[in-house]
Amino acid sequence: MTQTTAQKPAPADTKVTPMMAQFIEIKTANPDSLLFYRMGDFYELFFEDAEIASRALGITLTKRGKHQGEDIPMCGVPVHAADDYLQKLIALGHRVSVCEQTEDPAEAKKRGSKSVVRRDVVRLVTPGTLTEERLLDAGANNYLMALTRLKGGSLAGDAVYGLAWIDMSTGSFQVSETDHQRLAADLAQVAPRELILADNLLQEQDVRQLAELSGGALSPVPRAFFDGSTAADRLAHYFGVKTLDGFGTFSRAELSAAAGILSYIEKTQLGERPPLDPPVREAGAGRMLIDPATRANLELSRTLSGEKQGSLLSTIDRTVTGGGSRLLASRLAGPLINVDAIQRRHDAVAFFLNNEIMREGLRQTLKGAPDMARALSRIALNRGGPRDILSIAQGLAAARAVLDQTGTTPSEIPPEIAAARSSLDQAPHELGAELVAAIKEEPPLLKRDGNFVATGYNADLDELRALRDESRKVIAKLQADYAEELGLRSLKIKHNNVLGWFIEAPTAQTEKLTADPGRFIHRQTMAGAMRFTTTELADLESKIASAGERSLAIELEIFERLSQAIIDAGDAIKAAAQGLSILDVSAALAKLAQDENYARPLVDDSRAFDIKAARHPVVEVALKKAGGESFVANDANLGPEADEDIGHIWLITGPNMAGKSTFLRQNALIAVLAQMGSFVPAASAHIGIVDRLFSRVGAADDLARGRSTFMVEMVETAAILNQAGDRSLVILDEIGRGTATFDGLSIAWATIEHLHEVNRSRALFATHYHELTALSAKLERLSNATVSVKEWNGEVIFLHEIVPGAADRSYGIQVAKLAGLPATVVERSKQVLSQLEEQDRNAPSQNLIDELPLFATLAPPPSAPAAAREADPIHEALGEFNPDDMTPREALEALYKLKGLQVKQG
Ligand SMILES: Nc1ncnc2c1ncn2[C@@H]1O[C@H](COP(=O)(O)OP(=O)(O)OP(=O)(O)O)[C@@H](O)[C@H]1O
């Protein structure tokens, strides 16, 4: 992430202008961000800030005056378009201080003609503290996270880590405690946009690496932010309570992280207090642990190339509101491990599956419901506008409508839905009705533009508006009167911001006006026209202006009153917004289950993993879209026999392209879906809680961190073997592929033994090493499975069906042929293969099994295969020919050559 470290300009010297002196003072106080310095209708940037911003935004770099004899680089962005520029800079990881004029320029003038308008930084914009609708993704949470470490914090004396994360745009606030091993998974689950941590902690190599892995912009802060001795008090002070007891109990690490994040918010929001929920303790142990590599490999919320499209989340997301989409994303990021909680979510989905008419009506209503949580947050931060009030009004109206829609049902309402309905019931509906009456249907964006309060809401306002409208009519009449009196049809009364109202007539026809300067007071001469005013017109003008001013004052007063009422009812509004999101998610998952034919999984505390006729949710949809062959469903059963409680391993061999990876991933995805509370793409599924999910699928270089493909593979495998337990689900695809055959085979071999004997996890292991299938003779919980293919006329046909047994061969060469490898290479590969196979028949790997007792030190690997037996010269010559490239003459010569070789061989 880019961090902004603009050079500090030298302190003010005697030669700097007063404005530059002010800039330098403010910049010195805000060194770690780009300073947007307000000048009239622009935000200007100077010095290195200007250079960084002009490069990042692609805007022109100019200069303005001199500082210590050097030109001052400068660039600027217009205030009305500032949001777009901010968005770009924030996306690039910069932080921006917004410095506004805090007094009217007229006030400054009163202090002397040279005095500078007062300015101050009113806000520090950072990636994790955004609230503006245009800067946020409606369907994604925008988390700010704090990480702190307590040395020797655990009972065993190990370090513990405190985590706190806030979505300022909705007010959610969570804390948790974790250890070094889980840390990466916990960071990945939240996927913060910005991560703050003490500067000394960030300097530690391994912490820094983990922090970088989180993907958020890193913001180092002073260590004092996390001071443990004052943490509880600071937290209590923020929430205006005497003690935190009412919020639950928190560990020292959690308190320190929570206090740290609040200090950062106070620093960036400069006094404004976002309406945060009290912190909720998220038991890290209450979620399925999915480490960052697994999360990425399974493409849960993004594909390996970083796209949302094609991820599991985008495939299953049928929500219709921003809040629903965010809730679905966070449920998918952290599947549960509590059976009751999971079943409650399944009950809610089942309910909407059985009540289709109700569900569709509900979804229709929700479609029009605005994002109340984010509007509320803007209002509370004093950044709200009339449209935010309207959002609350419409959101509360939707809550009312949803309550009615979901009230009557022949079946019993499940607890999750009943709880959501109850929060809708307790929403401030009276306030909602008042807001609906108060705000116009399409109000302007900014309150200072006025004209957003509905007619009929305030009598004084209506009267002033009538006066204003009346005055406009009077002006129209005045124009007609003057025109007639002076016989000037081209005379017009117009308005602009500089002159206000004025009379305008073509210069050639102004004789009568200039003849009566006492009445027609000259204001301006234009090319071809002259402008005048009259006392009558000036009177009318001030009437209109004061009516405008007074009505704006009334509107602003109404705005403040309604905003305060909304803030006062903030908790109930937030709860209602959450209720709508829960209903949206449950209905969306029901719709998904119906559209895609998903089944309700049975999740319990056993070690079962029995999935019948399962499909890969994403590949299935992709195949359907392509309109070609349909997805072939497959079973998986890794559950224990009746009297054991440990998992089984399936070793899957099979041709390339047959569907091994797809099969592996679909089973992992089904576990995730089941435990996040969704139905699953299978005919049936019985899953004993999976507490940790590990996957090592595919290979990717991590050159940025200096690791080769093979190194990445081994690091990930090591993590699995060190951490997986008997409640874990492990997916391993082609372990050892990235190195020499015998090294790879040996590593894969030992890995399976370890999984079977030590980890005892439920596991799926796909491999190209057919030698491994021999292990099933030794390991009683290891079964061989293969993907069936048919061979027809030398062509291979993939059936994508998983069946018991081992593959007889790889068909790699057939796949290579399908991929378009030159025919000569394909032919030559076949020759080499048949020779290698011949050798293998003489020294089968079955021997390995007999020679290697479990965990015995590996015997030195059999010597490398002797170079392929001296090749047949005729075959070799054939390999050199490429018929497509030959002239008829060359072809004839080739034929003679072959004949000659045959004669030689006798
Ligand atoms: N069950 C299935 N039904 C239909 N098509 C499938 C199925 N499984 C896989 N496919 C198709 O086959 C393609 C290859 O699948 P996959 O990548 O899983 O093969 P693989 O055996 O892992 O191959 P390799 O060994 O080369 O990595 C997929 O992209 C998909 O289009």
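The questions and answers below concern a predicted model and the grounds for some of the terms applied to it.

Q: Why does Gly-654 count as buried?
A: A residue is called buried if 20 or more other C-beta atoms lie within 10 Å of its own. Gly-654 has 28 C-beta neighbours inside 10 Å, so it counts as buried. Gly-654 sits in the loop between β21 (649–653) and α24.

Q: Which residues does Gly-654 touch, not counting residues up to four places away in sequence?
A: They are Lys-660, Thr-786, Val-787 and Ala-807. The cut-off for a contact is 7 Å between C-beta atoms placed from the backbone.

Q: What makes Ala-658 count as buried?
A: The threshold is 20 or more other C-beta atoms within 10 Å. Ala-658 has 26 C-beta neighbours inside 10 Å and therefore counts as buried. Ala-658 also lies in the loop between β21 and α24. Leaving aside neighbours within four places in sequence, Ala-658 is in contact with Val-787, Val-789, Phe-798 and His-800.

Q: What does the UniProt annotation "binding site" cover?
A: In an unreviewed UniProt entry, the annotation covers Gly-654, Pro-655, Asn-656, Met-657, Ala-658, Gly-659, Lys-660 and Ser-661. Such annotations may be inferred rather than shown by experiment.

Q: How many residues surround the ligand, and which are the closest?
A: The shell has 14 residues, and the closest are Asn-656, Gly-659, Ser-661, Thr-662 and His-800. The largest share, three residues, comes from α24. By class, the shell divides into six nonpolar, seven polar and one charged.

Q: Why is α24 described as largely enclosed by the rest of the structure?
A: Of its 17 residues, 15 are buried, so α24 is largely enclosed by the rest of the structure.

Q: How do you know that the end-to-end distance of α24 agrees with its number of residues?
A: The expected span is 1.5 Å times one less than the number of residues. For the 17 residues of α24 that should give 24 Å, and the end C-alpha atoms are 25 Å apart, which agrees. Just after α24, Gly-677 takes a positive phi of about 105°.

Q: What makes strand β23 largely enclosed?
A: Five of the five residues of β23 (residues 692–696) are buried, so the strand is largely enclosed by the rest of the structure. Arg-692, Phe-694 and Arg-696 point one way, Leu-693 and Ser-695 the other way, and all are buried.

Q: How do you know that β23 pairs with β24?
A: Two strands pair if DSSP finds at least two bridges between them. β23 and β24 (residues 729–733) have four bridges and run in the parallel sense. Phe-694 stands opposite Val-730 in β24. Strand β13 (residues 289–290) is joined to β23 by two bridges, also parallel, with Ile-290 partnered by Leu-693.

Q: Why are β11 and β12 said to stand at the edges of their sheet?
A: The sheet is open, with six strands in the order β11-β10-β7-β8-β9-β12 and mixed pairing. β11 (217–221) and β12 (280–281) each have a single partner strand, so one side of each is left without a neighbour in the sheet. Within the sheet, β7 (residues 143–150) and β10 (residues 194–198) pair in the parallel sense over four bridges, and Met-145 stands opposite Leu-195.

Note on methods. Residues numbered from 1 in each chain as written. Predicted model: local features only at pLDDT ≥ 70, side-chain atom pairs only at ≥ 80, totals over all residues. Near = placed C-beta within 6 Å. Nonpolar A, V, L, I, M, F, W, Y, C, P; charged D, E, K, R; others polar. Buried ≥ 20, exposed ≤ 12 C-beta atoms within 10 Å, placed from the backbone. Contact = placed C-beta atoms within 7 Å.
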